[in-house]
Amino acid sequence: LKGDGIDDFMSTAAIDFTGTDAVSYWGGVQKLSDTNAGVVFELGTDSATVNGTFGLLAPHTATSSTFAFNSRGTAYAQAVATGYASPYSGTISVANDISTPSLSIAVNADAAFTNGATQGTGNYSNNPVYFMSRAGTSTFFGGQVYSSILLGRAATPTEAANSKAWVAEKTGVAL
């Protein structure tokens, strides 16, 4: 998927995550600009304000050299990976659990950036997943998504290693 950062986006029909409070994600992402915040993907309409949502942003705020993962049970938490100025291609790995609470994001083979703040309670929601924008209306992503694997539970160590290696190969990133 390639987004121009102006008006491109895609969405799915509703995907039911109501049976889980944990997700694992691996994706190959190239961000082309740090000028404006951009949503790579997001379950629901706004992962910072709507309960039962999550999303990946690159960058998470304007003029920042970051990747960030938002998660919200009944409270909002965000893990931010810093120091990745555009243009930048990387393999993004996320492990998240609302009830633990634990949230981590890693880029390539770098150490994970973690946040143990509460995400409240509850499971995720049954909503569309939006790619390259916030609900198709704002926060458009400028860059490319080479591959994405989203798992509605905590991954085993073997699943995590294999998924990260597969995504890195598709993205052309050495780990």
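This is a predicted model: local features need pLDDT of at least 70, side-chain atom pairs count only at pLDDT 80 or more; totals for chains, interfaces and linings use all residues.

Biologist: Thanks! How many bridges join S9 to strand S10?

Modeller: Six bridges join S9 to strand S10, residues 102-107, and the two run antiparallel. Serine 93, for instance, stands opposite alanine 106 in S10. The link between S9 and S10 is a hairpin of four residues.

Biologist: Which way does strand S4 run against S9?

Modeller: Antiparallel: strand S4, residues 22-31, is joined to S9 by 10 bridges. There you can find valine 29 opposite glycine 90 in S9.

Biologist: Is strand S9 mostly covered or mostly uncovered?

Modeller: Here we need a cut-off: buried means under 20% relative accessible area. Strand S9, residues 88-97, is mostly covered, with seven of its 10 residues buried. As a general idea, side chains in a regular strand alternate between the two faces of the sheet.

Biologist: Now the open sheet: in what order do its six strands lie?

Modeller: The order is S2-S13-S5-S6-S7-S8, and the pairing is antiparallel. At the edges are strand S2 (10-11) and strand S8 (76-82), each of which pairs on one side only.

Biologist: And how many bridges pair strand S5 with strand S13?

Modeller: Three bridges, in the antiparallel sense, between strand S5 (residues 39-43) and strand S13 (residues 129-131). To find your place there, look for glutamate 42, which stands opposite tyrosine 130 in S13.

Notes. Residues are numbered from 1 along each chain as its sequence is written. Side-chain values use heavy atoms; hydrogens and water are left out. Two strands pair if DSSP finds at least two bridges between them. Buried means under 20% relative accessible area, exposed over 50%, partly exposed in between (1.4 Å probe, protein chains only).
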